[in-house]
Amino acid sequence: VPTHVFLNSAVVPVGRARISVLDRGLLYGDGLFETLRTYGGKPFALRAHLERLRTSARLLGIRVPARPWERDIAALLRRNRLHARDAWVRITLTRGPARPGLLPPARTQPTVIMTAGAVDPGLVTAQRRGATVVLLPFARRGFLAEHKVLDYLPGMLGKVIAASHSAFEALYVDSDGYVTEGTTCNLFVCRRGQLLTPPAVEILPGVTRRLVLALAAADGLRIVERRLRVADVRSAAEAFLTSSVAEVVPIVRLGKRRLGTGKVGECTRHVQASYRQLVDKMVNQRSTI
Ligand SMILES: Cc1ncc(COP(=O)(O)O)c(C=O)c1O
């Protein structure tokens with residue numbers, strides 16, 4: 001549990017952070033968020049996350065306050081004693097408080113909240129040994145699925161189902177039988193030397209997904225962006241999940257069944273190594289993406 005949060009312009013103790021009960025983020029889910037990872041205090045791919053936030057904010061007509069994001073994140077990490085560790089940082093942006101009613105007023109004062117925490121130490125085990133995932137009988141759908149809007153109820157329900165099966169993650173399956181993504185991850189499948197992933201339509205265009213696709217292309221892997229049926233995932237030689245926090249996590253079990261050999265495969269290992277290299281490069285060179 002974080003001791004301090006960033007609220008609008010300053011880092012404050014959690015117990016003293018207050019937002020209005022008329023905040024539209026609370027009343028209507030009228031807002032967006034981003035979750036990124038920091039390595040030894042350095043944010044990874046901050047620019048890409050802010051770009052996605054701005055793109056979605058433009059669609060919703062929410063103003064993104066001009067902030068010295070890197071400095072704000074550094075202050076938040078320091079106050080939570082996370083500056084020397086691997087941590088996650090969540091940026092939440094709401095349209096802010098307004099008079100009640102669904103139609104938003106033309107001008108509002110947006111609310112910015114940032115929270116941070118240590119990356120779960122159990123994640124390393126999932127990355128090394130692979131994880132179990134379960135299939136969900138529903139999906140996030142429609143154009144809003146391409147935006148990280150505050151309403152994450154499908155994800156919350158998915159995580160409850162995953163937890164009830166002691167699974168690491170749950171995959172959405174839409175009513176046409178396509179596996180779209182995980183509750184907080186994108187999905188990749190390795191088959192006959194090809195890397196397959198659903199196109200970034202009606203799913204979240206993950207920052208990690210994009211980086212992994214670029215790395216795989218540079219490594220000469222054949223990439224196919226196409227929709228994946230449940231059978232495509234079940235019969236895959238390998239599959240893995242990507243997200244900013246979890247990076248690249250192999251899938252070795254689908255419910256009660258083994259996926260592929262049930263062991264982490266070569267293609268997944270290769271992608272993990274390339275991603276690790278990219279992280280090291282970016283963090284050490286202090287360059288930004
Ligand atoms: C639904 C969904 N898909 C995919 C992802 C992965 O996105 P990213 O790589 O940008 O973290 C997330 C991240 O939280 C997500 O919520």
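**View 1. Helices α6 and α8 are roughly perpendicular to each other, a term for angles of 65 to 115 degrees.** In this predicted model, the axes of α6 (residues 207-218) and α8 (residues 266-285) come within 10 Å and cross at roughly 105°. Axes here are lines fitted to C-alpha atoms over the stretch in contact, with angles running from 0 to 180 degrees between N-to-C directions. Helices are DSSP runs (H or I, at least four residues), numbered from the N terminus. On α6, look for T208, L211, V212 and L215, which make the contact (heavy atoms within 4.5 Å) with V271, S274, Y275 and L278 of α8. These residues divide into 6 nonpolar, 2 polar and no charged. Ala, Val, Leu, Ile, Met, Phe, Trp, Tyr, Cys and Pro count as nonpolar, Asp, Glu, Lys and Arg as charged, and the others as polar.

**View 2. Helix α2 passes α3 in a right-handed crossing, meaning that the near helix is turned clockwise from the far one by less than a right angle.** The axes of α2 (residues 46-60) and α3 (residues 69-79) come within 11 Å and cross at roughly 110°. Here L46, L50 and R54 in α2 meet W69, E70 and I73 in α3. This set holds 4 nonpolar, no polar and 2 charged residues.

**View 3. The ligand is surrounded by 17 residues, each with a heavy atom within 4 Å of it.** The closest are K148, Y152, E181, T208 and S244. Now for some polar contacts (pairs of N or O atoms within 3.5 Å). A polar side-chain atom of E181 lies 2.8 Å from a nitrogen atom of the ligand. For R52, a polar side-chain atom is 2.8 Å from a ligand oxygen atom. T183 instead brings a backbone N or O atom to 3.4 Å from an oxygen atom of the ligand.

**Notes.** Residues are numbered from 1 along each chain as its sequence is written, and side-chain values use heavy atoms, leaving out hydrogens and water. In this predicted model, local features need pLDDT of at least 70 and side-chain atom pairs count only at pLDDT 80 or more, while totals for chains, interfaces and linings use all residues.

Note on methods. Helix = DSSP H or I, 4+ residues; strand = E, 2+ residues; numbered from the N terminus. Polar contact = N/O pair within 3.5 Å; in protein donor to acceptor, adjacent residues only side chain to side chain. Parallel < 35°, antiparallel > 145°, perpendicular 65-115°, else oblique.
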